[in-house]
Amino acid sequence: MSDVYRKFCFTVLIVFLGFNCDLKAQVELKSSYELLDESQEKDALIEYWKTTITFERSKSGGMPVVKETDLCRIVPLQNNLVMRHYFVSSHKQITDYKFYAGGSGRKSIKPVIGDSNTPGIFQSDSKYYYFSRNIKPSDQYGKFEVKSITDDLRFYTRAYMSDMKLFTANREIEVLVPAWLDIKVKLYNSDHVDLTCEVDSLPDGDVLYRYTGRNLNAPFQSDYFPGYANVHPHLLFLYNRYRTVDGEWKPILKNVDQLYKWYKEMRGPEQYDLEKFKAISSDVVSGASNQLDSIKKVFYWVQDKIRYIAFEQGIDGFCPQNALSVYENKYGDCKGMSNLLKAMLTSLGYDARLAWLGTQDLPYTYKEPSIAVDNHMICVLYQGKRKYYLDATEKYLKLGETASRINGKEILIENGNSFVIDTVRRSAEDISSETYHYQLKLKGNNLSGKLKFQLQGEAKRHFYMSLSQLSRSEQEKNISELMCKEDNLLLDSLSALPATFDRDSNLSLTGIMLKNNALRQIADERYIGIANLMPEINFDKDTSKSRHIRFSQVINQLNETTLEIPESMELCYLPKPLVFEFDDAFYRMEYLLDGNLVKFKSHLYIPYKIYKQEQIKDLAKLFDYQHKSRKQKIILKEKNR
Amino acid sequence: MKNIILFGLALISMLGMSYGQTDSLRAEQLRNQFWENRSEQWTKIDIPEKWKDESAVILNKETYYWVKKIPLLSFLEEQYHTHKRIKVIDDKAIKSYSEFSFAESQKYYSLFWGSSNLHYYYGIKVIKADGSEQIVGESDKIHTEVKHRNRKVGYQKIAIPNLEKGDVIDYYYCMERRFSMDQFYMFDPVRYFLNDNHPIVRQELTLEIARKCYLNCRSVNDAPLMKEIDTDVSKAVKYHLIDEEREKFENEILAFPYSELPCIKFQAFFPGGAFAYPVSYADFLGERLKMKNTAYPQGLAKLAKSVNTAGAGTFYPVLKKYIISKYGKERPENVEKLVHDIYFFLREYWCQQQFFVKNQRTNYYNWFTMYSTVGGISRILKMYEIKHDLLYIMPKYIGELDDLLFLDELNLGLHVKGEEHPILITKINPYSLPSEIPDLLSEIKAYAVPSIGENPVVSIYTFPELKSENEENIVSKLKFDPENETLIIESEFTITGSSKLEWDTLVMTNKVFFDEFKTDQYGKFINDRDKRRKPEQLRAFNEKLGVRFADEQKKRTESLEKYLQEFYGIQNCNVVDFKLISSGRWTDSSSLNFKVIWESSSYVSQFGERSLLSVGRFMKKTLGEEFLQKDRMLDIHFKNKEVMSYELELELPEGFDAKGIKELQDNWEDDYFYIKSNSEKQANKVIIQFEVGIKNSHLPVEEWDKVRNFFAKISNLCEKQIVIQQRQDNIVTQE
């Protein structure tokens, strides 16, 4: 009896376990889906992802090599397709790849291999491996095992904890540092993320760093995404030195001196034919009234005549093109343009130098000597007591102005055999603003009057850049469209656009605005809005899904509008002032009555900085206030006669 | 064995591909042909004064097309050469022409089929203002490629050096291919539009048809005719055209550019060798040995026969079983019911396959195609010996039937003579109904091929005039929340006719198709092949399906929010609830009917004790000024004749009153459009009605001002507002 009972219990247990496992599997898939918030891709998630990084001495006696084994388990949530991208370069090769389909074991897979086609980069040595395969529904996940080798550890600079596309439920990075290698591993952007780090010293002197993370979001791609390195958790590898088999310690990039030395090596010997450049430059600066004028002429000539075409082929984009070929081809990238600027200015007797820096897309400083610190090159000119940061990749940049994307960043400037570390600082007069002045009158129900539109600084530059993408005939239309976003608004008699976009003066355009049926009669009252004539900067719902945003420039929008009240009417209502401020950003508006003039002023200011998730709500509120204020109306009434 | 291995290795070594190899001698020949001793047209650098503000002007353009059968060998050759000389005027043009990208040549080897090759040749030079020429060289090129298994596609990217405003860029690009073929062969159809995205000072088109190849060619939309020149029938026939001073064409909205822009359509073909097997579409191209031809409609008769095999081995056996189980083997009385039944069966068959672990021996590329649909219906009708026509329809956006030249210009349809009205099948998709005929087909002509009879005669069928049944009716109940300055809106949408498609793609999810599947009716015939065999597979599959349904629901909410913002032209919208009342996918309830509860603060602007409510914004937003301000070249085509009606029922909060109701009343009408608006106050409610009608969906370009006027009227109405305020009004003035 007891035997039968035992058998019965055992059967029940097996059935129960089977049922429970079944149930558990269902809950897992659904709960995985529930983990994904509105910003995340929902076709699949990474259930487990482990990267093992090891170092080996190079057989050729050069720099040590880095071996990486990447193991990634992807669960397709809605279909049966699993996909994965890997990137390689001239220093990084994939040596082996395998694919396993859940319970079905190893399956064959062939990647699509192609040259990277990054927008804005004409040539690069980066290639992608794109793997994709369908699995059976019962297989639940697909597992990729990809091994790669980097032939020079200086090029293995970072390892990201989160994936660029998919949510990662469990992440592990193991870095096994051998006793013969002296490196530092620095963790970035670990706030508000579930990350742990363990360090184990192994008996043979090796050290094992183990980083684990849970529930890591992939970035939400919006127009205002401030760059992966700025916001996503990652490890930065700083290589000090290594010991050869002979026991000799050799430096890698222990400090900035070594980094600079390496940059110089990459650049090669300076080979400017100064006589040739003198002839070229003299032609460019002919008619210049003074030294500053001739510097301007050279700087502006390079901006205007050299097209930006990015080359990142060879030595990961650290080797500048020859100045003469940039001059002859009339195209180049930041390195090529800087090289040309230096050649031209030096030939004229100025102290022009090459300088390396990281843009605002990178969070690093020279405290971290790594080639990951820099992604840009400019030319720095020493003129008297002043330094000019000449970045010819920025079009319509005035001499002395600095683009937001490099402002505040550390810069490594060549100084003979040595170097200088400086910080790029904007001058006090380098202010970006867009101002709208309207002087309005009512003619019947129609509103009309003068518009004066002024731009300065970066706002002007961006405006010129967008106009330069249009034909001359389209430019005027484009301005009218920009100024007349509101329904029934027309711009007439627009002043002529300057024949060339002048960097040294502010842009000022005038025109006549006309809004038909602007005055709306409702019962015995007349309603009119004057706050919504200038273009509105929108903040759409998708942007608010972002965890981090940064606008492409400082937003500094001012509006001054006056409305003359017709003699036959009197004012009934003026909207109340509105102010919303947080951190350094603000929106302010007010209406004033001055005799028969209604004066409206508004000011929207948002600095160039990264806003985190908790601040984005405030930012949305700021735009909401602006939007509300634009909808406000003035109420007028016919005077009693 | 050793011999077999050696033979195998030899075979393998003779199969394969090579890339990037161009014939250097041919490249040199072409370079000389395009750039040496050229006529005066290729030396000009000045542009007409009228185009001085353009971004770029094409000074000269030559296009040359050539096909030939190689003597003795079973090879065909095709060449397409383009040569352009462009004056670069501004920065925009510099950017456009600063980089080029060309495909790389490919060569295929095969022991049994010979080699075939596809060569690309190009050359670019920059002519400076002083007349000096700079040829873009090898150093300016880079190679990029994408490969998968043994397939590879390569491109050459070229950065143009020293390109400045005022320069002339002179480039040619040639495609030349040679491939093995001794059967009937149709080369790709070519549509050569005389307008380009820049104005053209002069252009030439030459077609050369050599040795045993033939040509179909037609000039449409007032394009000049191709003239025959230098003909030596034994060797080649040449056709030529010169066109001068052609304005640029910029995309226009509400237009059918293909059916209106001047264009030379041409397609070459090779009638096949002595042992060529017949192909069903060959007769469509007309007499095989006539040099220059146009399409031959009677040739459609043979083509129509191919639909006899539609669905063989896939859906047809199941369809036949279903129809016989329902109607028996005798011809049914109600043919319309039968046709609709087949249609619904096929629609459901394809809709449901995605919910099966293993689908019913069918490939997704056959789903929802007119070939499969018409083929399926036609085969059943034949089984019952019911006469019907297969229709070959040229849609309005392609052109008039008289302009037909290519097979790909025709859409397939089906027509059965009904007792009261014709039974027509013209489209299929997961939401469509058999009875819905797109407005675009109203009164247009199509070729009709009788499906029964040995030698059917192709006739012309004219579609009846379709009465507009396209309606968009939106009834919205509005609740004003003064505290949060928000409107809470309950909108019921009822959409009928062709207008449905726009909304269908937005609101319909796969869950609807899943839920609406009529298991009782179709379950025996449309089912999962894998269900009983692998329960674990099924469970995992259903689990994913559950997640997919949940995600689609979320995405629908997001899409609806975006769409409503765009539709009404408002800043924000938060969808709280969605309820599908009727999908409109079945004949007994053919309207799409759904309810959305949503809220928005965009409608309200509050100041003092007043709130302005933008009631006009409950009408569909008009076209933007950027479109309306533009002059246009082409006629105006709306998607449908349409009636859009919007009814608002505003519930006033306790103690509040509304002003400005009377100002909303307005009526306007012209030959093509009308607008009506009405309003009334009832106790604590305000009822507002707007109705906008498009009476004629096709307007000549001369009527563009009327369209502008119509949109201006709507825009004016969209700005209408009413005031809501507490009954005891205290006017606030600034101190």
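**A loop residue in chain B**

Guide: B:Phe525 sits in the loop between α11 (519-522) and α12 (535-568) of chain B; helices (H or I, at least four residues) and strands (E, at least two) are DSSP runs, numbered from the N terminus. This is a predicted model, in which local features need pLDDT of at least 70 and side-chain atom pairs count only at pLDDT 80 or more, while totals for chains, interfaces and linings use all residues. Residues are numbered from 1 along each chain as its sequence is written, and chains are lettered from A and ligands numbered from 1 in the order in which they are written.

Leaving out residues up to four places away in sequence, B:Phe525 touches B:Val318, B:Lys321 and B:Tyr322, where contact is taken as C-beta atoms, placed from the backbone, within 7 Å. From B:Phe525 to B:Pro317 the C-alpha to C-alpha distance is 9.8 Å, and the two are 208 residues apart in sequence.

As for the chain, 74% of the contacts in chain B between residues at least 6 apart in sequence join residues at least 24 apart. Of the 735 residues in chain B, 34% are buried. Chain B has 14 helices and 37 strands, and its C-alpha atoms fill a box of roughly 95 × 80 × 55 Å along the principal axes.

Key: A residue is buried if 20 or more other C-beta atoms lie within 10 Å of its own, exposed if 12 or fewer, and partly exposed in between; C-beta atoms are placed from the backbone. Two residues are in contact if their C-beta atoms, placed from the backbone, lie within 7 Å.
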